[in-house]
Protein chains: 2
Amino acid sequence: MSERQPNLRERRRSETRRLVQAHAVRLFTDHGYDAVTVADVAEAAGVSAMTVYRHFPTKEDLVLIDQPAQLIAERVAASSAAQPLVRRVGSALIDAATNWTGGNGDEQAANERFLLDCLRLMVSTPALRARHLDSQYALQQAIVDALGYDATGPDAAFRAQAATSACIAAMHTALTRWVEDDGHTKLPDLIARALTASFGDDAVATRRKD
Amino acid sequence: MSERQPNLRERRRSETRRLVQAHAVRLFTDHGYDAVTVADVAEAAGVSAMTVYRHFPTKEDLVLIDQPAQLIAERVAASSAAQPLVRRVGSALIDAATNWTGGNGDEQAANERFLLDCLRLMVSTPALRARHLDSQYALQQAIVDALGYDATGPDAAFRAQAATSACIAAMHTALTRWVEDDGHTKLPDLIARALTASFGDDAVATRRKD
DNA sequence: CACCCAAGTGTTAGTTACTAACATGATGGT
DNA sequence: ACCATCATGTTAGTAACTAACACTTGGGTG
């Protein structure tokens, strides 16, 4: 909390970015993603269409959320290589989700509501769903790199790819359910249940059986 | 092989469709998906741009392949409900892949080469990869329906969703590897290996332990 | 065989996402 | 006080689609 010295320019920039995105999600939610043009969003936010594109490369990016891929990858890399693959990845995913949705401030609650709005759109709109799935594909690559099985041979790398993709798919199912429940169920719990349903009890139960 | 009585119109129609798609995949492979316009494809195929859109709703559909979702769903529905979820789904996927890539005629070999070209584009082009992942999402819904766990309660349905999505993700990893190997390794074997890496030996070994 | 309907195709005009290039006004350091 | 830089606006252009209308041709019907 010490590098709090953003320029006026930077503050303005991130503020318009936030404004544009907020108006976009609201309009998309109210009238449907396809029925709202980028020009509409720009007008609602009081900027030009070009400014929207300067902040968000595509219309889809107005809704897509950056998952903390960096954070997840770090946790995976830090995990013990002695554990089975699915547990290494699964634990990292649960861990990251805890830090992601946790917190109980006022701002945090608003953030979570916004996040749920975005995810609702992502699940229901084909174009957004497709892009979101592809971004999880990128997350998969980051995790596989962090696992460090590339050098062990092509077969080990293949197994790492397979196990990681399966874990992420289970997490995606949990995410979908989380949205359907409007965020009432705790996300980490949902992920743990999804992993258990896919890989069995021993893939998740980190508390016993060290 | 007995309902061979297609109209001349229908034959012409499917022939132009095939022609357009073949030229499209060739051009995309040679110059890159983004560098080729729909007008280019139309010109190469000797038709108007409008005709291309009449056969393929979007440019992406020129490359996307219909996976035999119907076939897979039927096999899942026919499998014994006593088996664990991942084995029910996994066996169906392996089974379907066997019937899909099998065969050894001349036409079959050409089909497989075309299929590999399409998949290569799907893996390397972001827009196509995203759409492909979304189509597998649709496959997931079909499989979950076929599993028949919807009526058993919301928790069972959630477990079915999770396990199915994980299986499909593993299959997708196998598909990607298959493309990288240019189809040299047998696809069913790759799927089996991916499933084993994710879920352990007992998820696949159908030969012993009935 | 003549007739007519419908299907496949072409043409044109329009919308929308997105890009490139240049102009302008404000910010921030010197 | 001065100037470079950055955020933004404006304009013009490309390409993926869509809608509407006209034309040709295969195919069934009298």
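First, some ground rules. Residues are numbered from 1 along each chain as its sequence is written, while chains are lettered from A and ligands numbered from 1 in the order in which they are written. Since the model is predicted, local features need pLDDT of at least 70 and side-chain atom pairs count only at pLDDT 80 or more, with totals for chains, interfaces and linings using all residues; side-chain values use heavy atoms, and hydrogens and water are left out.

**Chain A at a glance**

Chain A has nine helices and zero strands. Helices here are DSSP runs of H or I with at least four residues, strands are runs of E with at least two, and both are numbered from the N terminus. The C-alpha trace of chain A spans about 55 × 35 × 35 Å along its principal axes. Of the 210 residues in chain A, 45% are buried. "Buried" means under 20% relative accessible area, "exposed" means over 50%, and "partly exposed" is in between (1.4 Å probe, protein chains only). Take the contacts in chain A with a separation of 6 or more: 67% of them come from residues 24 or more positions apart. A contact means heavy atoms within 4.5 Å.

**How the copies relate**

Chain B superposes on chain A by a rotation of 180° with 0.0 Å of shift along the axis, at an RMSD of 0.1 Å. The two copies are thus related as by a two-fold rotation axis. Within chain B, the residue closest to the rotation axis is A166(B), whose C-alpha is 2.0 Å away.

Over all chains, there are three aromatic pairs. One of them is stacked, because the rings of F199(A) and F199(B) have their centres 5.3 Å apart and their planes at 20°. This pair joins two chains, since F199(A) lies in helix α9 (residues 187-199) of chain A and F199(B) in helix α9 (residues 187-199) of chain B. For the terms: rings of Phe, Tyr and Trp (its six-membered ring) pair if their centres lie within 6.5 Å, and planes under 30 degrees apart count as stacked, over 60 as edge-to-face and the rest as tilted. F199(A) and F199(B) are both buried.

Another residue to look at is T176(B), in helix α8 of chain B. T176(B) counts as buried because its relative accessibility is 10%. Leaving out residues up to four places away in sequence, T176(B) touches Y137(A) and V123(B).

| Feature | Chain A | Chain B |
|---|---|---|
| Lysine over a ring face, distance to ring centre | K59(A) over Y33(A), 4.3 Å | K59(B) over Y33(B), 4.3 Å |
| Relative accessibility, partly exposed | D182(A), 41% | D182(B), 41% |

A charge sits over a ring if NZ of Lys or CZ of Arg is within 6 Å of the ring centre and within 35 degrees of the ring normal. As for phi, most residues other than glycine have a negative value. D182(A) sits in the loop between α8 and α9 of chain A, and D182(B) in the loop between α8 and α9 of chain B.

**Pocket and cavities**

The largest pocket holds about 870 Å³ of space. It is lined by 29 residues, and Q21(A), L64(A), I65(A), D66(A) and F114(A) are the closest to its centre. Helix α6(A) gives the most to this pocket's lining, with seven residues.

There are also five cavities of 30 Å³ or more in the whole structure. The largest cavity has a volume of about 320 Å³. Among its 17 lining residues, L133(A), A169(A), L133(B), S165(B) and A169(B) are the closest to the centre. Helix α8(A) gives the most to the lining of the largest cavity, with five residues.

On a 1 Å grid over the protein atoms alone, a cavity is a set of points where a 1.4 Å probe fits but cannot get out, and a pocket is an open set with protein on both sides within 12 Å along at least five of seven lines; lining residues have an atom within 4 Å of a point. Grid points are joined across faces, edges and corners, and a volume is the space filled by probe spheres set on the points.

Definitions and conventions
Copies are superposed by least squares on the C-alpha atoms of residues with pLDDT of at least 70 in both.
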